[in-house]
Amino acid sequence: MAAATSARTTFINPSSFPSSSRSPFTCSKSSLPFSLTLQRLSLRRALHISNSLPHSAAKPTTITATTTSTTTETVPQNFTSRYAADEPRKGADILVEALERQGVSTVFAYPGGASLEIHQALTRSHIIRNVLPRHEQGGVFAAEGYARSSGMPGVCIATSGPGATNLVSGLADALLDSVPLVAITGQVPRRMIGTDAFQETPIVEVTRSITKHNYLVLDVDDIPRIVNEAFLLATSGRPGPVLIDVPKDIQQQLAVPKWDQPIRLAGYMSRLPKPPMEAHLEQIVRLISESKKPVLYVGGGCLNSSEELRRFVELTGIPVASTLMGLGAFPTADDLSLQMLGMHGTVYANYAVDKCDLLLAFGVRFDDRVTGKLEAFASRAKIVHIDIDPAEIGKNKQPHVSVCSDMKLALKGMNGILESKGDKVKLDYSTWRQELNEEKVKHPLSYKTFGEAIPPQYAIQVLDELTGGNAIVSTGVGQHQMWAAQFYKYKRPRQWLTSGGLGAMGFGLPAAIGAAVANPGALVVDIDGDGSFIMNVQELATIRVENLPIKIMLLNNQHLGMVVQWEDRFYKANRAHTFLGDPSKESEIFPNMLTFAEACGIPAARVTRKDNLKAAVQKMLNTPGPYLLDVIVPHQEHVLPMIPSGGAFKDVIIEGDGRTKY
């Protein structure tokens with residue numbers, strides 16, 4: 001086909017927006033109490049379904065970043081369409097080219113009848129690579145791993161009906177953890193929608209409450225605009241998942257695309273946060289200067305502002321406690337790091353929050369696994385809350401000062417104020433830091449060793465030592481996830497990939513696929529549990545076929561470890577279907593994970609003794625390509641410290657395991 005480029009309108013590229021929680025459009029507000037009206041304006045739930053109906057063509061408009069009514073697209077540099085400007089092509093080809101124009105180079109797509117046209121169009125693309133998952137849930141988790149590790153939006157594609165519903169867990173996970181994701185689903189032809197056709201599900205309705213926004217395409221001419229809007233929505237403000245449902249007849253319809261259509265998100269654009277006001281940042285700096293015992297409580301909202309956060313800590317000397325999602329935003333091995341806080345956080349991080357007089361909550365949402373009993377959380381402190389989503393401010397814990405803003409801009413502003421004041425601001429928290437250092441000595445993260453059994457915590461320490469703390473780590477959900485958060489020392493953002501808010505088992509292996517695709521040449525390790533691993537074990541086939549050098553360190557205790565821990569602590573160790581082995585052969589390892597790996601042509605080994613572990617991990621790291629190491633660990637181990645659900649710092653548990661009766 002003849003290829004041609006036509007004159008195009010240039011504007012801000014939605015895919016160039018910061019893709020964590022930080023957009024160039026930011027807002028600021030400081031108040032007590034916080035405006036109830038503003039609380040209701042959630043940037044991720046303000047919009048739901050758009051039925052795209054035929055409309056008269058709007059005139060192309062060129063705008064600047066401050067305009068809130070219309071935007072069009074910026075094509076990647078040197079982009080050349082496969083088609084002449086006025087050449088008709090199928091809706092599926094328009095969709096694929098729209099993705100190309102967004103800079104998409106990889107999708108995770110599993111074909112089916114209603115998405116067949118999209119896959120045919122993908123074969124005609126010389127830009128987009130499809131990494132074929134072996135299950136749609138594997139595809140959406142891989143797209144998440146891609147997005148979490150790179151900061152770029154992940155793209156997954158599934159067919160209608162069961163293919164679309166298999167994306168649900170991943171969409172919910174992306175919404176809770178603020179991950180930029182665009183999911184595309186095939187749908188039955190328009191005339192059959194609502195007739196209970198074969199493989200028909202109303203996926204827009206199904207996903208209404210677990211996406212930031214979703215679309216049902218009813219006019220082929222709307223595809224360029226909808227894709228444009230989807231990427232803008234997914235990556236701006238508080239990031240999240242956007243779903244586009246495309247009926248099969250739309251995919252087959254011939255049309256000449258209009259690439260310069262304006263977006264239609266005036267309401268959303270007007271609500272995007274604005275730059276923080278200097279007076280509010282000055283107020284925060286004044287509170288810091290008056291404080292004797294301040295603590296930083298940082299979350300996933302700081303992942304895109306790690307440099308600014310480090311500079312802020314350098315200027316103030318304030319200790320840093322991180323949420324599960326915020327790990328890596330500040331180096332966990334730093335002297336000022338208190339590591340993770342919350343239910344399984346360090347004693348000293350939770351002590352610091354309990355005793356502090358100023359809590360700086362940056363890019364967090366006061367999740368129940370962090371706060372426990374809300375009334376007792378930071379009860380002695382003034383609270384400053386900065387977050388890009390106004391719905392989070394005052395939702396769980398009322399702040400004394402609140403700023404709705406891009407975290408990067410807020411930190412830059414505060415750093416500028418601190419630097420300009422220089423010696424005028426006397427910040428000396430040495431006494432407070434000494435108090436916390438004493439707590440670190442009193443209550444370090446620790447574990448016991450029983451004979452030759454391998455403590456799971458030790459296995460992660462060995463991995464940290466042999467990788468120099470430089471691996472990109474993904475996990476499933478459960479005890480192994482918490483130990484990986486506690487004992488691996490993360491140095492940088494986007495190095496730690498885990499399902500935090502949803503807690504979706506089966507996340508680790510496909511997320512590692514996405515990370516390996518997004519970061520070629522990087523060391524990617526999936527620290528997994530036997531329960532989580534087997535939920536998406538089929539993705540071993542994808543790893544082998546794509547020859548991805550993913551290392552899998554499986555902490556295998558033959559049980560659902562975290563549930564067993566709760567059974568031990570709160571249910572008198574009564575086992576209620578938490579044993580994953582073969583009850584008739586309890587002494588044998590079942591299933592044999594090595595045979596799963598063998599079936600997919602992946603080298604694997606098992607290690608059962610502590611003195612053999614280091615050599616086994618080193619061999620795993622040295623082996624080219626993928627590798628599975630089955631590390632047999634005792635099921636009696638408990639994740640400690642532990643603050644029981646709904647408890648306070650005074651309720652912290654620091655001793656015991658499954659060998660003790662409670």
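**Close-up 1. Helix H13 crosses helix H16 in a right-handed sense.** Right-handed means that the near helix is turned clockwise from the far one by less than a right angle. The model is predicted: local features need pLDDT of at least 70, side-chain atom pairs count only at pLDDT 80 or more, and totals for chains, interfaces and linings use all residues. Residues are numbered from 1 along each chain as its sequence is written, and side-chain values use heavy atoms, without hydrogens or water. H13 spans residues 347-355 and H16 residues 430-442. Their axes lie 9 Å apart, at an angle of about 145°. Axes are lines fitted to C-alpha atoms over the stretch in contact; angles run from 0 to 180 degrees between N-to-C directions. Helices (H or I, at least four residues) and strands (E, at least two) are DSSP runs, numbered from the N terminus.

**Close-up 2. Residues of H13 meet residues of H16.** Val347, Tyr348, Tyr351, Ala352 and Lys355 of H13 contact Trp432, Glu435, Leu436, Glu439 and Lys440 of H16 (heavy atoms within 4.5 Å). Six of these residues are nonpolar, none polar and four charged. Here Ala, Val, Leu, Ile, Met, Phe, Trp, Tyr, Cys and Pro count as nonpolar, Asp, Glu, Lys and Arg as charged, and the others, Gly among them, as polar.

**Close-up 3. Strand E6 (residues 181-187) is largely enclosed by the rest of the structure, because seven of its seven residues are buried.** Buried means under 20% relative accessible area (1.4 Å probe, protein chains only). Leu181, Ala183, Thr185 and Gln187 point one way; Val182, Ile184 and Gly186 point the other.

**Close-up 4. E6 runs parallel to E5 and to E8.** Strands pair if DSSP finds at least two bridges between them. Five bridges join E6 to E5 (residues 154-158). Isoleucine 157 has isoleucine 184 in E6 as its bridge partner. Seven bridges join E6 to E8 (residues 241-247). Valine 182 stands opposite valine 242 in E8.

Terms used
Buried means under 20% relative accessible area, exposed over 50%, partly exposed in between (1.4 Å probe, protein chains only).
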